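Have the structure open as you read.

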Amino acid sequence: MINENLHKKPVALDRVKHKDLKLDLQHRDLGTVGKLNAFFVAGTEFGDACREYPVVWVHAGNDEAGKQLVAPIAVFGLKAEQNLCIDNDKWRVRYVPAALRLYPFGLARVAPDQMVVCFDETWGGFGTSGETLFNADGGPTEFVANVQKQLENFEVEVERTRAVGNLLVEKGLLRDMRFDATLPDGSKLAVDGFLTVDADKLAALSDADLLAMNKNGVMGLIHAHQISLGNMTRLVEWYVERFGTAAPATA
């Protein structure tokens, strides 16, 4: 999965062009990630992500038939280009979304049935020293093969997560979400633009729908989403901490 907010200059990994390219596994650069206020998480990540972040849905355009698409994200900050989950160039949470852990690599679709491994050419960890990407015969090293397998497995989870989003839209279970906080100086902080599961609409579903959603794991994802919303208060606390004021009272 290539994300334009993360992969600034994605290029396909090529055994000829990049035969001498190496990756410094010790290189750390959270500059780009530090400006992400949210990022995609797959359904399989909800159990871990819900302990650290608010996990909500956002509009993700429309498919070819014009049907609305949604995607789940972990919220990192309360304003654009703000990541409160990074402090002193380190993550202050225990779980980092899978796509960010796989960065600077990603998969790009070049044909309906073909995807290629890409990397962000702007990432500073590539050079002439470190982990070799290709063997002398031009084949990918074990490291690259492992990265590709992880990317392919994650892409499967992306598709499964998309199906869950389609179900939530089909059942009309999502509604606009707004979170308001009152800061110590009396100013208001509002966070919106997200979607949350409507508890009343969920309760109004038929027994057959609820049973099916319980069996296919969707209810577990919904419960993780609902639990995660408590982390919005922690983000407000981190927001206040960063700007040197006392802990806020939420409204």
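## A charge over a ring

Arg92 sits over the face of Trp238, 4.1 Å from the ring centre. For that label, NZ of Lys or CZ of Arg has to be within 6 Å of the ring centre and within 35 degrees of the ring normal.

A word on the ground rules. This is a predicted model, where local features need pLDDT of at least 70 and side-chain atom pairs count only at pLDDT 80 or more, while totals for chains, interfaces and linings use all residues. Residues are numbered from 1 along each chain as its sequence is written, and side-chain values use heavy atoms, with hydrogens and water left out.

## Aromatic pairs

There are 10 aromatic pairs in the structure. Rings of Phe, Tyr and Trp (its six-membered ring) pair if their centres lie within 6.5 Å; planes under 30 degrees apart are stacked, over 60 edge-to-face, and the rest tilted. One of the pairs is Phe46 with Trp57, edge-to-face at 5.8 Å centre to centre and 65 degrees between the planes. Phe46 belongs to helix H1 (residues 46-49) and Trp57 to strand S4 (residues 55-62), so this pair ties together parts 11 residues apart in sequence. Helices (H or I, at least four residues) and strands (E, at least two) are DSSP runs, numbered from the N terminus.

Tyr53 and Phe76 make a tilted pair, with 5.2 Å between centres and 55 degrees between planes. Tyr53 is in the loop between H1 and S4, and Phe76 in the loop between strand S5 (68-75) and strand S6 (86-87), so the pair links parts 23 residues apart in sequence. Tyr53 is buried at 0% relative accessible area, and Phe76 is buried at 0% too.

## The core

The largest nonpolar core has 79 residues, with Leu78 and Met213 making the most contacts inside it. Such a core is a set of buried Ala, Val, Leu, Ile, Met, Phe, Trp, Tyr and Cys residues joined through side-chain atoms within 4.5 Å. Helix H3 (residues 142-170) gives the largest share, eight residues.

## An open sheet

Three strands form an open sheet in the order S1-S9-S8, paired antiparallel; pairing takes at least two DSSP bridges between two strands. Strand S1 (10-12) and strand S8 (105-111) are the edges, each with a single partner strand, so one side of each lacks a neighbour in the sheet. Ala12 stands opposite Cys118 in S9.

Conventions:
Buried < 20%, exposed > 50% of the residue type's maximum accessible area, 1.4 Å probe, protein only.
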